[in-house]
Amino acid sequence: MRPTLLLFICMFSANVFGQWALTGRVTDQNEIPLIGASVQEKNNTTNGTVTDADGRFELILSESAQALVISFTGFAAKEVVISRATSDLSVSLEEDVSLLNEVLVIGYGNSSKRNLTDNVALLHSEDLSNIAVSNFQSTMSGKAAGVRINQTSGKVDAGINVTIRGTSSISAGREPLYVLDGMPLINVNESSNGAPMNPLLTLSPSEIESINILKDASSAAIYGARGANGVVLITTKKGQAGKPLVSLNMSTGISSPTNVIELLNTAEYKELFTEAAINTLGPEDGTAEIEGLFDYLANGTDWRNNEVDTDWNDIIFRDGQQSDVDLAVSGGDLKTQYYFGGAWNTTKGILVGNDLDRISARMNIKHQLSQKIAAGMNIGVSGAKIERVDNDNSFTSPVEAIAQSPLSPVYNDDGTPNANTLYPNFLLEDLYANYTTKLRRITGKVFAEYKFIENFRFNTDFGYDNSHQTEDQYRGTLTPFMSTNGYAYNSNVTSENYIWSNYFTYENELSRSAFLTVVAGQEFNNSNRVFATVTGTQFPSDDFQSISSAAEITAGTGANTTYNFLSYFARAALNLHDKYYLKASIRRDGSSRFGSNERYGFFPAFSVGWIVSEESFLKNNRTLSFLKVRGSFGQLGNSEIGDYASQTLYNGVSYNKISGIRLEQPGNNNLTWEKSKQIDLGVEFGLFNDVITGEVDFYTKNTDGLLFSVPLPGSSGQLSFNKNIGNVESKGVEVVLNSKNIRSKNLQWTTSFNIANNTNEIKSLPNGNADIITGETINRVGESVASFFLPEFAGADPATGDALYYTDGAGSATTNAYEDANRIIVGNSQPTWIGGLTNEINFKGLVLSFTFIGEWGASIFNGGGVYQSSSADYFDNQTIDQLDRWQNPGDITNVPQARLYGQNGTGPSTRYLQKGDFIRLRNVMLSYNLPKSLTEKVNVGNARIFISGVNLLTFTQYTGYDPEARADFDSYGFDHGWNFYSAPQAKTTSIGINVNF
């Protein structure tokens, strides 16, 4: 009785003062209540409410109210005309299934997909969630055309390489700019053990709402000097008006290697190496030589009767485990929205000794202080602890243990690791050493918005990013190569970055057929880095591992660096008749990184779009429901050349313990950023009322002023200095297709497919276009960046078993003298085609989704092949294919005769080069949404159980561990397509549950 009386009084009072009350209910098209739907009086942003658990609402309206705007995430907003005669209102919202209505973040603003004249890829939180990987970048794999995501290896801390539209530089940075809620993130590898580590590892996928990838110059030009490699805009989760929503997600899974290499067992090893020794040294000396070695390797065991048969793959790899828990609370009203979330991840890697623990928390709050002023803050705190293993080029790296002989026992009789092996037993390093890296990160932003009038506002944002990393290594007295009583290394690096952005936004409907949006602003960015290391030896015992216990401090380093940017930017977009679109932007960047004569640069861009389907000759066409053509041109910069590349640098030195100064680097006042000019032409279309949608893009990128170290005359006292010289051109095409295959009440099936082609060509190089040869690759004018440059292997001579090479490529004469074979360009280290295919099938709440990825055109050089596939040249265990060696005259094979110490075919050549083409089931998930009748009994809004998998299937002819893995030392592998005892990716199967309260 009392609630009814109160409502009556309120309604009576409202009418007395000119206001009036309205009640109603909001549902979906199946009449299911929508909880937390926004109900707002049109043209009155401060008057609104949200629906309750039954979808109902009550709202006191102003005297002049004529319409309501009702909206809900994932549904098309609806405007409903009302009057005082309106009684209890019933509103049904329809699911917004059109990709054209999606809102994309484009930097200092947003735009609908329909109105966009740029190439921007959008990923939602649903695309990133519940995928059992340790980093957020891998969740993007295969879901954005032209975006290549590669984790260097299967280590939990492995570096991530993200390439957008191929390679556009040779010596400068190639990673995109990452921007988190408007804050450019620190993305610098600070690893000291030779293997790169992912600097963004602490960012949890569970806190990400969306990722927008700016791929063309028009979209990225607003970021000017840092946009040449593309921009990744990360938006974290925010609260929505409505009752508090509690979300809990838990999962756990097991992992194993995607593939292992088949190696020789004890019997095969003895057979091959006995034959190899006899072939080289003769029957008597060869037998004596090899049996002496077998005695050593067997370490007292009976090798003649195969007492020991060690498969070192079983020792270096283990069953990994991964567990994830995240909890979030969000909600609010029309004035205040909040999001609080936390996540925890623990990963036991597939390599012995490699583990990760991560914890993160986030708080995002926004409050409408008045009708004109809104303010808020976003804060993220995270930390990670990583137990690391050595880089791929270290003898104590776990994967290098596959070189050990199967004759060697792993452990001694007392259970300690066997030290009498061909190479150091990595278990000695695992047992008596440690390498712990800790990451701590704080990201934050405070922001405010002031509305002068409804269509003119001012935003000020202050962002802060602090990244702190420590590395603590201790190697005990029993570790390999230890000549002192223990060794300790500590490093400490702190980087902080702050940015203050101020910008105005003007949006105005100039007429019924013209809408103008203008953004103009200024930004200041400052970054500081402090780095220090210390090394000590001679410890009392392995119980004392702190650097303070070292009797001798043997080394120490330190550095303090800084850089800053001062920027001005503007963008204007004009929408004419809702079918013609014009956009122009410009950014002026000044940076301390560049020479005093070239400190500032201008980065303009222009784009146009035309929705052809709005013209009378196509409007309401039943087949072609949407057609848009667009084009853009822009210039971008690449500022990732280091903080002091343009400066004259001196360093303090010691001359017989007397201090002095030495010139380290001559300066160049004309040094500036690499400039990339890009053209993009695109077509977007929809067929059969957008049942099928897609887009096709063609682009060219021309990067000029490549940064190189140019030689100086010896009389200068310096070897080289930095200079802008060189040019690379990149071209490509991208195709995206989306289809709604079935959309019935009980069954829905959607498909998304993308494929992209990219090729690059070096147009000019320094020193008169001279070739730049690095290991097995070459940079040459007219060829692709980092092309493979090797003698071509011709197999084994059928008469002698000698390794043969073509003197000048296939079809030329052959020779058994390696030095007489000319090196030729024989492959590309980067793929020419990449693609992804995603399907989602939903049948009555049972959902199957999966994504395949693929790469074609890249070659991989097996740097370890000269040891593990060497025709038994040395005692490293061999791959199983070496049993197909030449043995008798007339044998036709690609494996030369086995010759111990014979170097028969071990020189770098195409013998160790393979195509890296593959198709991989990147992720798959089967989930079930529990029925409402069940969840309501336990006061749960909705619940879902699932089983998922990552990297479960791989289709490839590559015979190494993994076509995605590359050598991780000094970034050599990814840049040059090199594999060197590199761990394969993990394949993981997980189960989990998502619950919303």
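In which hand does α4 pass α5 in the crossing of these two helices? The crossing of α4 past α5 is right-handed, where right-handed means that the near helix is turned clockwise from the far one by less than a right angle, and left-handed that it is turned anticlockwise. Before I go on, please keep in mind that this is a predicted model, in which local features need pLDDT of at least 70 and side-chain atom pairs count only at pLDDT 80 or more, while totals for chains, interfaces and linings use all residues. Residues are numbered from 1 along each chain as its sequence is written, and side-chain values use heavy atoms, with hydrogens and water left out.

Let me stay with the two helices for a moment. Helix α4 covers residues 266-281 and helix α5 covers residues 283-298, and their axes come within 7 Å and cross at roughly 140°. Helices here are DSSP runs of H or I with at least four residues, strands are runs of E with at least two, and both are numbered from the N terminus. The axes are lines fitted to C-alpha atoms, for helices over the stretch in contact, and the angles run from 0 to 180 degrees between N-to-C directions. The two helices are therefore oblique to each other, given that angles under 35 degrees count as roughly parallel, over 145 as roughly antiparallel, 65 to 115 as roughly perpendicular, and the rest as oblique.

On the α4 side, the contact (heavy atoms within 4.5 Å) is made by Tyr 269, Lys 270, Phe 273, Thr 274, Ala 277, Ile 278 and Leu 281. On the α5 side, the residues are Pro 283, Asp 285, Gly 286, Thr 287, Glu 289, Ile 290, Phe 294 and Leu 297. Sorted by class, this contact of α4 with α5 has 9 nonpolar, 3 polar and 3 charged residues; Ala, Val, Leu, Ile, Met, Phe, Trp, Tyr, Cys and Pro count as nonpolar, Asp, Glu, Lys and Arg as charged, and the others, Gly among them, as polar.

Is Asn 994 buried or exposed? With a relative accessible area of 9%, Asn 994 is buried, where buried means under 20%, exposed over 50% and partly exposed in between, using a 1.4 Å probe and protein chains only. Its side chain makes a polar contact of 2.8 Å with the side chain of Asn 249, and another, at 2.6 Å, with the side chain of Arg 944. A polar contact here is a pair of N or O atoms within 3.5 Å; within protein, one must be able to donate a hydrogen and the other to accept it, and residues adjacent in sequence count only if both atoms are side-chain atoms. Leaving aside residues up to four places away in sequence, Asn 994 touches several residues, including Asn 130, Leu 248 and Phe 946.

Thr 346 belongs to strand β19, residues 336-348, and at 21% relative accessibility it counts as partly exposed. The side chain of Thr 346 makes a polar contact of 2.8 Å with the side chain of Asp 357. Although Thr 346 and Ser 134 are 212 residues apart along the chain, their C-alpha atoms are separated by 8.8 Å.

Thr 777 lies in strand β39, residues 777-779, and is buried at a relative accessible area of 2%. Beyond four places in sequence, the residues that Thr 777 touches are Ile 772, Ala 786, Ser 787, Phe 788, Phe 789 and His 976.

Next come some loop residues. Leu 185 is in the loop between β14 (183-184) and β15 (208-214), yet Leu 185 is buried, with a relative accessible area of 9%. Among the residues that Leu 185 touches, again beyond four places in sequence, are Tyr 178, Leu 200 and Arg 441.

I will finish with backbone angles. Gln 538, in the loop between β25 (514-537) and β26 (552-576), has a phi near 65°, a positive value in a residue other than glycine, and Gln 538 is partly exposed at 29%. Asn 767, in helix α8, residues 766-769, also has a positive phi, near 60°, and is partly exposed with a relative accessible area of 46%.
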